[in-house]
Amino acid sequence: GDLVDVAISAGEFPTLIAAVQAAGLVDTLKSEGPFTVFAPTEAAFAAALDALGLTAAELLADVPTLTAVLTYHVIPGRVMAGDLTGAMSMPVATVNGAEISVTENNGTVLINEATVVAADIEASNGVIHVIDQVLLPAAEVTSGDLVDVAISAGEFPTLIAAVQAAGL
């Protein structure tokens with residue numbers, strides 16, 4: 001079967017299937033592809049909803065956000081676990097246009113910070129890898145000057161402190 005059929009028949013992804021249906025992505029994931037899908041576990045969805053302070057119904061009702069999150073879990077092409085060899089890390093473009101980080105080291109594969117817990121579930125139009133976290137695309141900065149952007153990134157505390165100390 002295709003990616004949707006395989007996910008449904010596995011019986012382990014009811015929240016993911018509901019989300020794909022709510023976002024109107026069923027036909028896309030049934031198309032020729034091929035696609036690689038990183039499918040969060042039910043526990044991963046529960047943890048993400050808790051962290052975001054949302055109910056499943058609230059998430060399913062927010063179609064634009066839901067679509068952005070789901071398409072962040074899909075990359076074009078069929079990438080099998082065996083395609084990653086040795087210690088490596090690389091950025092990979094997702095279907096939504098943002099990049100994820102794929103890292104392999106000593107047999108452990110990470111997608112951003114999520115661990116692949118089951119790999120290479122094959123479908124006629126791609127492959128599914130099960131992950132232990134929901135991947136959330138970074139929010140885009142829509143306004144602000146260079147300092148605002150640096151602060152909102154949250155990755156430059158020393159630079160920001162130096163700029164402030166220098167009065168710049």
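Helices here are DSSP runs of H or I with at least four residues, numbered from the N terminus, and in this predicted model helix 2 is followed by Gly 24, a residue whose phi is positive, near 70 degrees.

In soluble globular proteins, nonpolar side chains tend to be buried together. The largest nonpolar core in this model has 28 residues, and those with the most contacts inside it are Leu 3, Phe 13, Leu 16, Leu 29, Leu 70 and Ile 128. Two or more residues of this core come from each of helix 1 (3-10), helix 2 (14-22), strand 1 (35-40), helix 4 (42-52), helix 6 (63-71) and strand 7 (126-131). Apart from this core lies another, of 13 residues, among them Phe 38, Ile 100, Val 109 and Leu 135. Leu 29, leaving aside residues up to four places away in sequence, touches Asp 2, Leu 3, Val 4, Val 20, Phe 35, Val 37, Val 74 and Asn 125.

A last stop is Gly 97, which lies in the loop between strand 3 (88-93) and strand 4 (99-105). Gly 97 is exposed, because its relative accessible area is 56% and exposed means over 50%. Although Gly 97 and Thr 71 are 26 residues apart along the chain, their C-alpha atoms are separated by 8.5 Å.

Notes. Residues numbered from 1 in each chain as written. Predicted model: local features only at pLDDT ≥ 70, side-chain atom pairs only at ≥ 80, totals over all residues. Heavy atoms only, no water. Buried < 20%, exposed > 50% of the residue type's maximum accessible area, 1.4 Å probe, protein only. Core = buried A, V, L, I, M, F, W, Y, C linked by side-chain atoms within 4.5 Å. Contact = heavy atoms within 4.5 Å.
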